[in-house]
Amino acid sequence: MDNYIVSARKYRPMSFDSVVGQQALTTTLKNAIASEHLAHAYLFCGPRGVGKTTCARIFAKTINCMNRQHDGEACNQCESCISFNEQRSYNIIELDAASNNGVEDIKTLMEQTRIPPQVGKYKVFIIDEVHMLSQAAFNAFLKTLEEPPAHVIFILATTEKQKILPTILSRCQVYDFKRMEIQDIVSHLQQVAQQEGYTTEPAALNVIAEKADGGMRDALSIFDQVASFCQGDITYSATIANLNVLDYNYYFRITEYFLANNITNTLLTLNDIVNRGFDMGYFITGLAQHFRNMLVARDPQTISLIEASKEIQQQYLAQAQKCKSNFIIRAMKLLNNCDLNYKQSKNKRLLVELTLIEVAQAAQDDGESAGHRPAKILKPIFRLNVQSNDSATANNHVANKTTQTRTNATSAQTMTSKAPVNSSTNNVKAARFSISGSIKLQRDNNGNTQGNGNQTNITTQQQKPKANKPLEQQRLASEWILYAKALPQQETAMAKRLIDLESNLAITSNDNFEVLANNPSVAEQLKQYKSAIEQHLRERLDNANINMTVRIREADERKRAYSRQEQFLNMCGINPNLKKLREKLNLDLS
Ligand SMILES: [Zn+2]
């Protein structure tokens, strides 16, 4: 026990190749050494425990090695290497700026830069946590950094790159160390376990790696702790017990309860978790992560994104098959909301329990609607259709207006006849739902005119099974006005235009009528409203075949019916004073 060395030190990498998870970076450093393109200052940035200081030490050893290997690594045999490995080299000087951040500390260090190395070529100064240096210390350091002696190389390490002054940054070659992947840590821990003669379960090492949050040093010290607790037999259950980590199985189990709508067991499981001393907020974020993993597991291509052992990945795969992606996404949203509200909540337990019940509910909703889903989505629209025919028509119209293209009467009709009748037409209620369905469809994907045709077809077949009544001028005109008046406020201009056009309606057959537009732009507008108007008239006038055609008035037809505006403009043409009179008296055409 006397010579027990913690794994983080015992298994500290001695060569660039043995550094875990930073391949790109170590290769660059090795190449720089091989080509002798050395900078005077390097800045190593990255989270704690990812190998910054280790790399700095290997770097110092390698550049001083007297017979470097072909692969760019130090020989570990020459005098310099041995002194480095035995930690008695004078060519490496480390300063921890976190505890020695005064100007005196830096000044002492800077004095040492003047003395050239006795053995080897370079003296390497490692300043750890360099962002902690005081302002005065920074300034003292900057002087040497600007003109360092040829034999000096600075390696600055920091976890907080953003705190480094630009004057320093611009003089350094910057290397960003990344957080280590869970898999990298796991395989390194496996090697260490092998050398120590421990037995391990992959899931256990995974938990350790997760807990270490991307840092190898932390991973190794947790590993030591667990290994001594388990006396060399590192099992999953012993690991989670020792580290007080919430077991994956809780999440899997509770999801099964959701799927079975077993609220009782869901709440009992929560109780169990709380009794084990886990924070409920921690549990909720863990559960949200669980659902995220399930979403990822639905696609074999993304399953590797789950940072867990192979067995647990398979478990995710199996459970994901049982869940619809709708349910998973709903659950993630609910859990995320719970997480957001957790801190403010005065009754946290109630919040968590409610969320769990809602998630269980979401699992059921999804299951129910699996067979006949449209009914659920369409409910609100259906209500809208019933409440008031006027506003419903206006709403339909809004939908139509955006989607309706310049379909002329014939193409609209062929579309209608082609459109398949909904499979559930023998059930009037079901059909009504699907009528609303096609309205919904239009709103969702703009430009689905086929859906539009479909809709009108079913509407007429289902709602108006009676014989088609022939058109009558008076009823046509009054429904025309009603339609115009039901238009929303932002379409007042169009409503006025339609009211003006009332006198331009001409019935051409039992089902057909014609609107005379005074000019092409009005005709164009009318065509945009065509299907909504037809829809309104078909319902109100008990005729499913009503068809509206728009025709631009010929020049010689003009006399037939002038609008009031046109009459006025005509009169102004004859007597321009009329216009002035109107302006003077501030008159408006009614
Ligand atoms: Zn050597």
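Helix 8 and helix 10 are oblique to each other, because angles under 35 degrees count as roughly parallel, over 145 as roughly antiparallel, 65 to 115 as roughly perpendicular and the rest as oblique. The axes of helix 8 (residues 182-196) and helix 10 (residues 216-230) cross at roughly 45 degrees and come within 11 Å. Such axes are lines fitted to C-alpha atoms, for helices over the stretch in contact, and the angles run from 0 to 180 degrees between N-to-C directions. The crossing of helix 8 and helix 10 is right-handed; a crossing is called left-handed if the near helix is turned anticlockwise from the far one by less than a right angle, and right-handed if clockwise. On the side of helix 8 the contact is made by I185, H188, L189 and V192, and on the side of helix 10 by M216, A219 and F223, where two residues are in contact if their C-beta atoms, placed from the backbone, lie within 7 Å.

The model is predicted, and for that reason local features need pLDDT of at least 70 and side-chain atom pairs count only at pLDDT 80 or more, whereas totals for chains, interfaces and linings use all residues. Residues are numbered from 1 along each chain as its sequence is written. Helices (H or I, at least four residues) and strands (E, at least two) are DSSP runs, numbered from the N terminus.

One residue of the first contact can be followed further. H188, which is found in helix 8, counts as buried with 23 C-beta neighbours inside 10 Å; a residue is buried if 20 or more other C-beta atoms lie within 10 Å of its own, exposed if 12 or fewer, and partly exposed in between, with C-beta atoms placed from the backbone. Leaving aside neighbours within four places in sequence, H188 is in contact with V20 and M216. H188 and V20 are 168 residues apart in sequence, yet their C-alpha atoms are 7.4 Å apart in space.

Helix 10 also meets helix 9 (residues 202-212), and the two axes come within 8 Å and cross at roughly 135 degrees. That angle makes helix 9 oblique to helix 10, and the crossing of this pair is right-handed. In this contact I208, A209, K211 and A212 of helix 9 meet D218, A219, I222, F223 and V226 of helix 10.

From these helices the reader can turn to the sheets. Five strands form an open sheet in the order 2-3-4-1-5, and the pairing is parallel; two strands pair if DSSP finds at least two bridges between them. Strand 2 and strand 5 (173-176) are the edge strands, each of which pairs on one side only, and the twist averages 15 degrees from one strand to the next. Strand 2, helix 5 (residues 103-112) and strand 3 make a right-handed β-α-β unit; a crossover is right-handed if, with the strands pointing away from the viewer, the path from the first strand over the helix to the second runs clockwise.

Strand 9 (residues 512-517) and strand 10 (residues 547-552) run parallel and are joined by six bridges. In strand 10, M548 stands opposite F513, and R551 is the bridge partner of L516.

Of the contacts with a separation of 6 or more, 73% are accounted for by residues 24 or more positions apart.
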